[in-house]
Structure formats: C-alpha cells, structure tokens
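Good morning, and thank you for joining. Please have the display in view.

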Amino acid sequence: MKIAYFDAFSGASGDMILAALLDAGLPLEQLDKALANLNLPGYSLSTSREIRHGITATRFVVHLDHNHEPAAEEPQAAPHDHQHPHKHEHPHGHEHPHKHDHADDAAHGHSRDHGHNHEHHKHHDHDHKHKHDHDQSQGHSHDHGHSHEAGHGHSHEHQRSWAEIRPMIEAANLPPRAARRATDIFQKLAEAEAAVHGSTPEEVHFHEVGAVDSIVDIVGAALALELLGIDKVYASAIPPGSGTVRCAHGLLPVPAPATALLLRGVPTRPSTEPGELTTPTGAAILATLAEGFGPMPAMTPQAIGVGTGTRPGKTIPNIMRVFIGQAGPAEEAATDDGLEHDRVCIIEANLDDATAEVIADAATRLLAAGALDVYTTPIMMKKGRSAVMLSCLARPDQRQQMQQLLFDHTTTFGLRHYTAERSMLRRQHQTVETAFGPLRIKLGLRGQETVRVAPEYEDCRRAAEAAEAAGTSVQQVMQAALLAWHGGDKAANSGRK
C-alpha cells in the first residue's frame with residue numbers, strides 16, 4: 001500500500017501541496033493532461049526551482065489568461081515594495097475608486113504573481129470595488145498601495161458556487177477515486193463557507209476558491225495523488241499561523257473563519273512564523289483526505305518532494321514536504337482485496353433518562369456536524385432500566401467535536417470511544433436516462449466487479465415529486481432507474497459519472 005505523509009511544519013496551501021507532489025516525481029505534463037478533462041479555460045501551468053532559507057524547492061504556478069479570473073491561492077511575502085508585472089484586461093466597464101496598501105504580513109495575499117501593473121483602457125467607464133478574499137498561505141495584509149486609473153473594465157469578483165463546480169467534476173470523466181476526493185474536498189469547503197455565511201453548501205459562492213487557479217489546486221491535488229498511486233494520506237499537526245488576515249469581510253484574526261471550521265478536530269500547533277500559514281484550500285485538502293495527523297506513520301519512504309510558495313519566510317523556510325512510500329506492516333494488513341479500507345471512530349453513550357425527542361435531536365445534530373452515521377440500539381441497564389445506546393460513527397479527527405455534542409445535547413455523564421477498521425466497496429456514480437429524466441445510480445465496486453447497484457434516493461424523490469402523472473411513487477422511479485441501468489442503456493452509461 002502506497003501512502004503519502006505531508007509535513008506541513010510551515011503551513012499548507014493548495015499550490016504548496018501540488019508543488020510538493022510534483023517535486024516528488026509527478027511530471028507536470030501528466031498533471032496538465034489530466035486536468036484538461038475539466039474543460040476549464042483560461043490558464044496554463046508551470047513549475048520553477050526556488051530557494052527558501054538555503055533549501056531548494058519546487059514552486060507551482062497557475063498562469064491566468066487575459067479576461068479570466070485573478071489568481072487566488074499563493075503564499076505571500078511580508079510587507080514589501082514590488083512592481084506588478086502582469087496585466088489585467090477587463091471585459092466590462094467600471095471605475096477604480098479603491099486604493100491598495102501593503103499592511104502587516106499577517107493578513108491575506110490575493111494574487112499568485114504578486115506585484116502587477118494594471119494597464120487601463122480609457123474607453124471603459126467602470127466602478128471597481130476590487131474585493132479580494134483571502135486564500136493565500138503565509139500571506140500578508142494588503143490594501144495594495146497602488147491606485148487604479150479610470151477606464152479599465154475588470155471585476156475581481158468572479159465567483160462559482162458549489163452547484164456550478166460539482167457538474168464540472170462529474171462531467172470530467174476523472175478516475176473515480178480522484179473524482180471522489182475532489183468532490184469531498186469541495187463539499188467540506190462548501191459546508192465551512194456556508195456555516196460562516198449563514199447559507200447552504202449548494203448556495204454558497206466561493207470567492208477565490210471558485211476561481212480557476214483554486215479549482216486547479218483542488219482537483220489537481222486529487223489527480224496528483226491518483227497519478228502517483230497514493231492509497232492513503234497522513235499529515236503532521238497543522239500550524240494555522242498568527243496575527244490577522246484582511247479579506248472581503250474586513251480584518252480578521254488568523255485562522256480566518258472558514259479555516260477555523262475546517263480545522264475542527266485536526267491537531268494544530270503554534271509557529272514562530274507570523275502570518276496566515278494555512279489557507280482554507282490547504283486546510284480543506286488535508287482535513288478531508290488525511291486519515292491521521294501527527295508523527296510520520298510506519299513507512300518506507302521512496303520519494304520526497306519539497307514544495308514552496310512565494311513568501312521566503314522570516315523565521316522558517318516557507319516549504320512543505322511530502323514523503324511517499326510503502327506502508328509499514330500494520331497498514332499493509334489491509335490486503336489488496338479490491339476493497340477500500342480506512343479507520344473510523346465510534347463514540348457511544350448509554351441513555352436511560354433521555355426522552356425520545358432528546359435522542360432524536362442529538363442524532364440530528366451529530367449528522368449535521370458531519371458524522372458518518374448515527375444509530376440507536378435498545379439495551380437493558382442496571383436496576384432493570386430499559387435504555388438506548390446512541391452510537392456515532394465519525395472520522396478520527398471528528399472525535400472531540402462529536403463528544404462535545406453528545407455531552408451538550410444528551411443526558412449522559414460519560415461515553416466510550418474507540419477506533420475501528422472499516423472495509424468498503426468502492427463507490428462510483430453513473431447517470432441513466434429514464435422517463436422521469438436523468439437519474440444517478442450508485443455502484444459498489446470490488447476491484448472492477450460491480451457487486452451493488454442502487455438508485456440515488458434524493459434524485460428519485462425529486463423526480464417523483466415532479467412527475468406529471470398523479471400518484472407516482474419514489475419506488476416506481478427507483479425501479480425505472482434500475483431497469484435503465486440493467487437494460488439496453490447499461491453499456492451506453494458504463495463510462496458516465
């Protein structure tokens with residue numbers, strides 16, 4: 001079993017993660033070709049070798065074409081004077097009343113090629129609010145002390161919602177595991193952003209995370225792991241950073257709100273380096289994919305990659321290392337049986353004095369917080385009392401959060417928790433055409449063998465509600481989906497996601 005361990009001693013960002021994986025041996029051309037399946041226009045990729053505190057590392061850059069979104073995720077330097085070499089050409093008119101000042105190095109950066117001359121075309125009248133969200137690792141506060149001359153049509157507020165990004169991934173025909181990893185990362189990020197802004201994951205609009213380069217970072221990280229054959233991911237404790245970060249919502253303390261939510265249940269540690277060391281994108285990737293945080297697991301390293309961002313670092317080099325190799329004996333115990341394996345935490349509480357309403361409320365809260373599953377078991381306790389055992393299945397990094405919810409919303413005085421090994425069929429989605437419209441089918445695969453086929457309930461429920469024929473049931477729609485998959489359309493749909 002091949003594993004990757006990310007040593008994020010100087011923080012984490014999407015581009016640093018990709019840079020480290022490229023430095024570990026993944027050819028850039030191979031990654032670029034795989035990303036082309038997204039049909040995402042307006043960018044090109046490059047790498048360069050740079051030195052940080054005497055250590056040579058790879059830097060990964062997404063170059064944006066004219067008339068496309070600004071870059072988003074890149075570690076930035078401390079306060080400095082710099083020229084801005086790249087142009088922005090703007091498709092619609094607005095004025096530039098704002099002014100950017102470089103402030104302390106603890107706030108956010110907003111551009112990959114940080115330092116750019118804005119050339120303005122005087123035939124455009126426009127009002128440019130120039131809102132910058134942070135998604136920079138090790139960034140610095142800047143209100144960008146250059147002013148803009150009038151006449152330059154450009155909005156840096158291009159945003160994509162999770163509802164827009166998901167179909168891009170589903171239509172890209174990515175390797176199933178890479179597609180699932182990318183989808184899981186975006187889902188986790190959407191949930192964090194929705195919680196911050198009082199919205200829903202589907203409705204939330206990512207700011208710079210929805211820009212081209214951040215989509216490349218997230219999907220690229222999932223593809224890079226797949227291309228390198230990585231089965232499991234682990235990471236060190238994560239340093240969020242210190243100080244403040246300036247984003248679209250003002251000057252905020254580090255970690256920024258979304259990053260803080262993404263790091264719930266993830267071991268963190270302080271750092272002597274000032275600034276925002278871990279970005280929302282970096283936090284989302286590691287919090288979603290890492291099966292454990294802490295010291296390096298038992299493994300035989302075969303490749304080591306070193307990635308960097310823009311900022312050189314004040315007290316420590318601005319780099320991230322990845323160790324790639326074969327797992328130790330304990331990890332290899334999960335043999336190559338065509339199944340997927342991971343670890344989960346089971347948290348249990350015996351309740352003999354809680355009402356059914358209290359138990360149901362607690363279960364709802366646990367699921368809303370991201371529990372993998374919640375279930376109850378009738379038990380008999382001392383003194384002949386009938387009781388309920390409330391069990392919560394969660395990722396190991398979610399244990400503390402789930403424990404707190406159980407203590408806050410049930411009557412328990414104590415609970416149990418333990419780690420269990422889990423074996424699963426690999427999941428894959430296909431779409432079939434039916435009389436009720438396109439419906440997703442969930443497949444359970446062992447190796448390349450399909451052993452489970454199940455229609456997606458929510459798709460079928462919505463189709464039943466929208467059906468013109470009165471009295472159409474969910475069961476009828478589900479049967480239609482299964483017939484479409486098993487019937488003559490199965491071959492036509494076999495390559496669809």
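Let me start with L286, which touches F6, A8, A12, I17, A235, I238, F293 and M320, leaving aside residues up to four places away in sequence; contact here means heavy atoms within 4.5 Å. Before I continue, a word on the basis: this is a predicted model, in which local features need pLDDT of at least 70 and side-chain atom pairs count only at pLDDT 80 or more, while totals for chains, interfaces and linings use all residues. Residues are numbered from 1 along each chain as its sequence is written, and side-chain values use heavy atoms, with hydrogens and water left out.

L286 belongs to the largest nonpolar core, of 68 residues, where F6, F60, V219 and L286 have the most contacts. Such a core is a set of buried Ala, Val, Leu, Ile, Met, Phe, Trp, Tyr and Cys residues joined through side-chain atoms within 4.5 Å. Buried means under 20% relative accessible area, exposed over 50%, and partly exposed in between, with a 1.4 Å probe and protein chains only. Helix α5 (residues 212-227) supplies the largest share of this core, 10 residues. Apart from this core lies another, of 19 residues, including A371, V374, C392 and M402.

For the chain as a whole, 52% of the 497 residues are buried. There are 13 helices and 22 strands; these are DSSP runs numbered from the N terminus, helices being H or I of at least four residues and strands E of at least two.

How many residues of helix α7 (residues 280-289) are buried? The count is 10 of its 10 residues. Helix α7 packs with α4 at an angle of about 120°, their axes 9 Å apart. Axes are lines fitted to C-alpha atoms, for helices over the stretch in contact, and angles run from 0 to 180 degrees between N-to-C directions. The two helices are therefore oblique to each other; angles under 35 degrees count as roughly parallel, over 145 as roughly antiparallel, 65 to 115 as roughly perpendicular and the rest as oblique. On the α4 side the contact involves R181, D184, I185, K188 and L189, and on the α7 side P280, A284, I285, A287, T288 and L289. Of these, L189 is buried, at a relative accessible area of 0%, and lies in helix α4 (residues 176-197).

A second pair is α9 (residues 356-368) and α10 (residues 399-409), which pack at about 155° with axes 10 Å apart. That angle makes α9 roughly antiparallel to α10. V358, D361, A362, R365 and L366 of α9 meet M402, L405, L406 and H409 of α10.

I close with the backbone. Most residues other than glycine have a negative phi, and most peptide bonds are trans. Which residues are joined by a cis peptide bond? They are V254 and P255, with omega about 0°, and P255 sits in the loop between β11 (250-253) and α6 (257-262). N39, not a glycine, has a positive phi of about 55°; N39 is in the loop between α2 (28-35) and β2 (43-52) and is exposed at 66% relative accessibility. H53 also has a positive phi, near 55°, in the loop between β2 and β3 (55-64), and is partly exposed at 43%.
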